[in-house]
Amino acid sequence: MSHEIVRLHQVAKGFNDGDKFHQVLTGVNLSINRADTVALTGPSGSGKSTLLNIIGGFEFIKQGQLLLNGSDTANWQDKHWSQFRRQHLGVVFQQFNLLTPLNVRDNIAFSLRLNQQKWNPWCDYLLTQLGLDEVKNRHVETLSGGQQQRVAIARALAHKPSLLLADEPTGNLDEKAGTQVMSLLTQLAKESQTSILMVTHSNECAAFMQRRWHLEQGLIHE
(Lines give C-alpha, C1' and ligand atoms only; values in the text may rest on other atoms or scores of the structure.)
Protein backbone atom coordinates (compact mmCIF):
# COMPACT_ATOMS: atom_id res chain seq x y z
CA MET A 1 0.00 0.00 0.00
CA SER A 2 1.29 3.47 -0.86
CA HIS A 3 2.26 5.71 2.00
CA GLU A 4 0.61 9.11 1.72
CA ILE A 5 3.14 11.93 2.07
CA VAL A 6 0.85 14.93 1.43
CA ARG A 7 -2.90 15.48 1.64
CA LEU A 8 -4.69 18.80 1.16
CA HIS A 9 -8.40 19.00 1.89
CA GLN A 10 -10.43 22.06 0.85
CA VAL A 11 -7.43 24.38 1.15
CA ALA A 12 -8.18 28.02 0.36
CA LYS A 13 -5.74 30.93 0.31
CA GLY A 14 -5.92 34.57 -0.66
CA PHE A 15 -3.93 37.80 -0.34
CA ASN A 16 -4.64 41.42 0.36
CA ASP A 17 -3.24 43.70 -2.35
CA GLY A 18 -3.80 47.23 -1.14
CA ASP A 19 -7.55 47.44 -0.52
CA LYS A 20 -8.34 44.49 -2.82
CA PHE A 21 -8.50 40.83 -1.80
CA HIS A 22 -7.29 38.21 -4.30
CA GLN A 23 -8.54 34.67 -3.82
CA VAL A 24 -5.77 32.41 -5.18
CA LEU A 25 -6.79 28.91 -4.06
CA THR A 26 -10.50 28.24 -3.58
CA GLY A 27 -10.75 24.65 -2.38
CA VAL A 28 -7.79 22.50 -3.33
CA ASN A 29 -7.95 18.74 -2.73
CA LEU A 30 -4.95 16.57 -3.56
CA SER A 31 -2.84 13.71 -2.28
CA ILE A 32 0.70 12.60 -3.04
CA ASN A 33 1.94 9.10 -2.19
CA ARG A 34 5.44 7.80 -1.67
CA ALA A 35 7.45 7.91 -4.92
CA ASP A 36 4.70 9.80 -6.82
CA THR A 37 5.99 12.35 -9.31
CA VAL A 38 3.60 15.16 -10.23
CA ALA A 39 3.90 18.11 -12.59
CA LEU A 40 1.86 21.19 -11.62
CA THR A 41 1.02 23.49 -14.52
CA GLY A 42 -1.20 26.53 -14.85
CA PRO A 43 -1.21 30.16 -15.95
CA SER A 44 1.04 32.74 -14.27
CA GLY A 45 -0.50 33.99 -11.05
CA SER A 46 -2.70 30.91 -10.63
CA GLY A 47 -1.12 30.04 -7.26
CA LYS A 48 1.30 27.25 -8.18
CA SER A 49 4.21 28.62 -6.11
CA THR A 50 1.76 29.47 -3.30
CA LEU A 51 0.68 25.84 -3.22
CA LEU A 52 4.30 24.68 -2.96
CA ASN A 53 4.95 27.21 -0.20
CA ILE A 54 1.94 25.96 1.77
CA ILE A 55 3.10 22.35 1.58
CA GLY A 56 6.62 23.39 2.66
CA GLY A 57 5.27 25.45 5.55
CA PHE A 58 6.62 28.72 4.14
CA GLU A 59 3.05 30.11 3.94
CA PHE A 60 0.18 29.18 6.23
CA ILE A 61 -3.50 28.47 5.71
CA LYS A 62 -6.56 29.50 7.70
CA GLN A 63 -9.00 27.44 5.63
CA GLY A 64 -8.72 23.75 4.91
CA GLN A 65 -6.46 20.98 6.13
CA LEU A 66 -2.87 20.02 5.35
CA LEU A 67 -1.60 16.60 6.41
CA LEU A 68 2.07 15.66 6.03
CA ASN A 69 3.09 12.03 6.61
CA GLY A 70 -0.39 11.52 8.07
CA SER A 71 0.01 14.27 10.66
CA ASP A 72 -2.36 17.27 10.73
CA THR A 73 -0.17 20.39 10.57
CA ALA A 74 -2.82 22.72 12.04
CA ASN A 75 -1.22 22.66 15.49
CA TRP A 76 2.40 22.41 14.42
CA GLN A 77 4.79 24.83 16.10
CA ASP A 78 7.96 26.19 14.45
CA LYS A 79 9.98 23.26 15.81
CA HIS A 80 7.65 20.74 14.11
CA TRP A 81 7.99 22.55 10.79
CA SER A 82 11.78 22.78 11.19
CA GLN A 83 11.99 19.06 11.90
CA PHE A 84 9.81 18.16 8.92
CA ARG A 85 11.80 20.37 6.54
CA ARG A 86 15.14 19.16 7.88
CA GLN A 87 14.34 15.43 7.73
CA HIS A 88 11.68 14.95 5.06
CA LEU A 89 11.79 17.86 2.62
CA GLY A 90 14.05 18.77 -0.28
CA VAL A 91 13.54 21.99 -2.26
CA VAL A 92 14.91 23.00 -5.67
CA PHE A 93 14.33 26.58 -6.84
CA GLN A 94 14.65 28.21 -10.24
CA GLN A 95 17.27 30.57 -8.75
CA PHE A 96 19.49 27.70 -7.43
CA ASN A 97 19.87 29.44 -4.01
CA LEU A 98 23.30 27.93 -3.38
CA LEU A 99 25.58 28.98 -0.54
CA THR A 100 28.14 30.95 -2.56
CA PRO A 101 30.99 31.07 0.01
CA LEU A 102 31.06 27.24 -0.02
CA ASN A 103 32.37 24.76 -2.55
CA VAL A 104 30.25 22.10 -4.29
CA ARG A 105 30.84 19.37 -1.71
CA ASP A 106 30.06 21.65 1.25
CA ASN A 107 26.85 22.86 -0.42
CA ILE A 108 25.70 19.28 -0.86
CA ALA A 109 26.68 18.38 2.71
CA PHE A 110 24.65 21.26 4.15
CA SER A 111 21.42 19.28 4.58
CA LEU A 112 23.38 16.38 6.05
CA ARG A 113 24.91 18.62 8.70
CA LEU A 114 21.46 19.86 9.69
CA ASN A 115 20.52 16.22 10.38
CA GLN A 116 23.80 15.37 12.15
CA GLN A 117 24.62 13.00 9.28
CA LYS A 118 28.00 12.41 7.71
CA TRP A 119 29.00 12.28 4.06
CA ASN A 120 28.14 8.79 2.81
CA PRO A 121 28.21 6.56 -0.31
CA TRP A 122 24.87 7.99 -1.51
CA CYS A 123 26.46 11.45 -1.66
CA ASP A 124 29.39 10.10 -3.68
CA TYR A 125 26.87 8.44 -5.98
CA LEU A 126 24.99 11.74 -6.43
CA LEU A 127 28.25 13.49 -7.34
CA THR A 128 29.03 10.84 -9.95
CA GLN A 129 25.53 10.62 -11.42
CA LEU A 130 25.18 14.40 -11.65
CA GLY A 131 28.60 14.80 -13.27
CA LEU A 132 30.01 16.85 -10.39
CA ASP A 133 32.97 14.67 -9.36
CA GLU A 134 35.55 16.79 -11.08
CA VAL A 135 34.21 20.09 -9.72
CA LYS A 136 33.41 19.01 -6.15
CA ASN A 137 36.10 21.28 -4.65
CA ARG A 138 35.26 24.30 -6.77
CA HIS A 139 33.31 27.28 -5.48
CA VAL A 140 29.79 27.21 -6.85
CA GLU A 141 29.92 30.68 -8.42
CA THR A 142 32.57 29.40 -10.88
CA LEU A 143 30.14 26.81 -12.32
CA SER A 144 27.77 27.03 -15.28
CA GLY A 145 24.02 27.37 -14.69
CA GLY A 146 23.43 23.72 -15.49
CA GLN A 147 26.14 22.64 -13.05
CA GLN A 148 24.77 24.92 -10.33
CA GLN A 149 21.30 23.45 -10.77
CA ARG A 150 22.76 19.94 -10.50
CA VAL A 151 24.47 20.96 -7.24
CA ALA A 152 21.09 22.23 -6.00
CA ILE A 153 19.52 18.85 -6.86
CA ALA A 154 22.30 16.94 -5.09
CA ARG A 155 21.86 19.11 -2.00
CA ALA A 156 18.08 18.58 -2.05
CA LEU A 157 18.44 14.77 -2.34
CA ALA A 158 21.50 14.21 -0.11
CA HIS A 159 19.42 13.37 3.00
CA LYS A 160 16.97 11.20 0.98
CA PRO A 161 13.86 13.31 1.68
CA SER A 162 10.43 11.77 1.31
CA LEU A 163 9.24 14.85 -0.64
CA LEU A 164 10.94 17.13 -3.14
CA LEU A 165 9.32 20.46 -4.04
CA ALA A 166 10.69 21.92 -7.28
CA ASP A 167 9.67 25.38 -8.51
CA GLU A 168 10.54 25.81 -12.22
CA PRO A 169 13.82 23.90 -11.69
CA THR A 170 14.85 24.26 -15.35
CA GLY A 171 13.56 27.82 -15.86
CA ASN A 172 17.06 29.32 -16.05
CA LEU A 173 18.53 26.58 -18.25
CA ASP A 174 18.62 26.06 -22.00
CA GLU A 175 16.55 23.19 -23.39
CA LYS A 176 19.38 20.65 -23.54
CA ALA A 177 20.61 21.34 -20.00
CA GLY A 178 17.00 21.38 -18.79
CA THR A 179 16.29 17.95 -20.27
CA GLN A 180 19.50 16.53 -18.74
CA VAL A 181 18.59 17.95 -15.34
CA MET A 182 15.04 16.51 -15.52
CA SER A 183 16.29 13.10 -16.55
CA LEU A 184 18.77 12.96 -13.65
CA LEU A 185 16.30 14.40 -11.15
CA THR A 186 13.61 11.82 -11.88
CA GLN A 187 16.07 8.92 -11.96
CA LEU A 188 17.66 9.84 -8.61
CA ALA A 189 14.30 10.54 -6.96
CA LYS A 190 13.12 7.11 -8.06
CA GLU A 191 16.19 5.47 -6.54
CA SER A 192 15.65 7.23 -3.19
CA GLN A 193 11.84 6.71 -3.28
CA THR A 194 11.37 10.49 -3.13
CA SER A 195 8.05 12.01 -4.22
CA ILE A 196 8.24 15.08 -6.47
CA LEU A 197 5.82 17.98 -6.87
CA MET A 198 7.18 20.22 -9.59
CA VAL A 199 5.86 23.53 -10.88
CA THR A 200 6.67 23.95 -14.55
CA HIS A 201 5.57 25.82 -17.68
CA SER A 202 7.38 23.31 -19.87
CA ASN A 203 5.50 20.44 -21.50
CA GLU A 204 8.87 18.69 -21.99
CA CYS A 205 9.56 18.82 -18.23
CA ALA A 206 6.00 17.83 -17.33
CA ALA A 207 6.37 14.73 -19.51
CA PHE A 208 9.02 13.38 -17.11
CA MET A 209 6.44 13.18 -14.30
CA GLN A 210 3.98 10.28 -13.81
CA ARG A 211 1.01 12.59 -13.27
CA ARG A 212 0.04 16.08 -14.30
CA TRP A 213 -2.18 18.51 -12.42
CA HIS A 214 -3.41 21.81 -13.80
CA LEU A 215 -4.16 24.66 -11.40
CA GLU A 216 -6.64 27.22 -12.69
CA GLN A 217 -9.21 29.50 -11.02
CA GLY A 218 -8.16 28.19 -7.60
CA LEU A 219 -8.79 24.51 -8.32
CA ILE A 220 -6.70 21.47 -9.31
CA HIS A 221 -7.72 19.59 -12.45
CA GLU A 222 -6.12 16.22 -13.17
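The largest pocket is lined by 16 residues, and Arg 85, Leu 89, Phe 110, Ser 111 and Leu 114 sit nearest its centre. A quick word on what that rests on: the model is a predicted one, where local features need pLDDT of at least 70 and side-chain atom pairs count only at pLDDT 80 or more, while totals for chains, interfaces and linings use all residues. Residues are numbered from 1 along each chain as its sequence is written, and side-chain values use heavy atoms, with hydrogens and water left out.

So what counts as a pocket? On a 1 Å grid over the protein atoms alone, a pocket is an open set of points with protein on both sides within 12 Å along at least five of seven lines, whereas a cavity is a set of points where a 1.4 Å probe fits but cannot get out; lining residues have an atom within 4 Å of a point. Rolling a probe the size of a water molecule over the atoms shows where empty space is left. The largest pocket has a volume of about 410 Å³, a volume being the space filled by probe spheres set on grid points that are joined across faces, edges and corners. Helix 2 (78–88), strand 6 (89–92), helix 3 and helix 5 each give at least two residues to its lining; helices (H or I, at least four residues) and strands (E, at least two) are DSSP runs, numbered from the N terminus. Sorted by class, the lining has 8 nonpolar, 5 polar and 3 charged residues. Here Ala, Val, Leu, Ile, Met, Phe, Trp, Tyr, Cys and Pro go down as nonpolar, Asp, Glu, Lys and Arg as charged, and the others, Gly among them, as polar.

The second largest pocket holds about 160 Å³ of space. It is lined by 13 residues, with Phe 60, Ile 61, Leu 66, Thr 73 and Ala 74 closest to its centre. Strand 4 (residues 63–68) supplies the largest share of this lining, 4 residues, and the lining splits into 6 nonpolar, 4 polar and 3 charged residues.

Next come the cores. A nonpolar core is a set of buried Ala, Val, Leu, Ile, Met, Phe, Trp, Tyr and Cys residues joined through side-chain atoms within 4.5 Å. Buried means under 20% relative accessible area, exposed means over 50%, and partly exposed is in between (1.4 Å probe, protein chains only). The largest core has 39 residues, and the members touching the most others are Val 104, Ile 108, Leu 126, Leu 130, Leu 132 and Val 151. Among the elements giving two or more residues to this core are helix 3 (104–114), helix 4 (121–129), helix 5 (145–157) and strand 8 (195–199). Helix 6 gives the most, with 7 residues. Setting aside neighbours within four places in sequence, Leu 126 is in contact (heavy atoms within 4.5 Å) with Ala 154, Leu 157, Ala 158 and Leu 188. There is also a second, separate core of 28 residues, which includes Val 11, Leu 40, Leu 51 and Leu 165.

Leu 51 turns up again in helix 1, where Lys 48, Thr 50, Leu 52, Ile 54 and Ile 55 are buried along with it. In total, 6 of the 8 residues of helix 1 (residues 48–55) are buried, so the helix is mostly covered. Just after helix 1, Gly 57 has a positive phi of about 75 degrees.

The loop between strand 7 and helix 6 is worth a look. Glu 168 lies in this loop and has a positive phi of about 50 degrees although it is not a glycine. Most residues other than glycine have a negative phi. Glu 168 counts as buried because its relative accessible area is 13%. Not counting residues up to four places away in sequence, Pro 169 touches Val 92, Phe 93, Gln 149, Met 182, Met 198 and Val 199. Thr 170 is in that loop as well, and counts as buried at 11%. Leaving aside neighbours within four places, its contacts are Gln 149, Gly 178, Val 181, Met 182 and Cys 205.

Asn 97, in the loop between strand 6 and helix 3, is another non-glycine residue with a positive phi, near 50 degrees. Asn 97 is partly exposed, at 39% relative accessibility.
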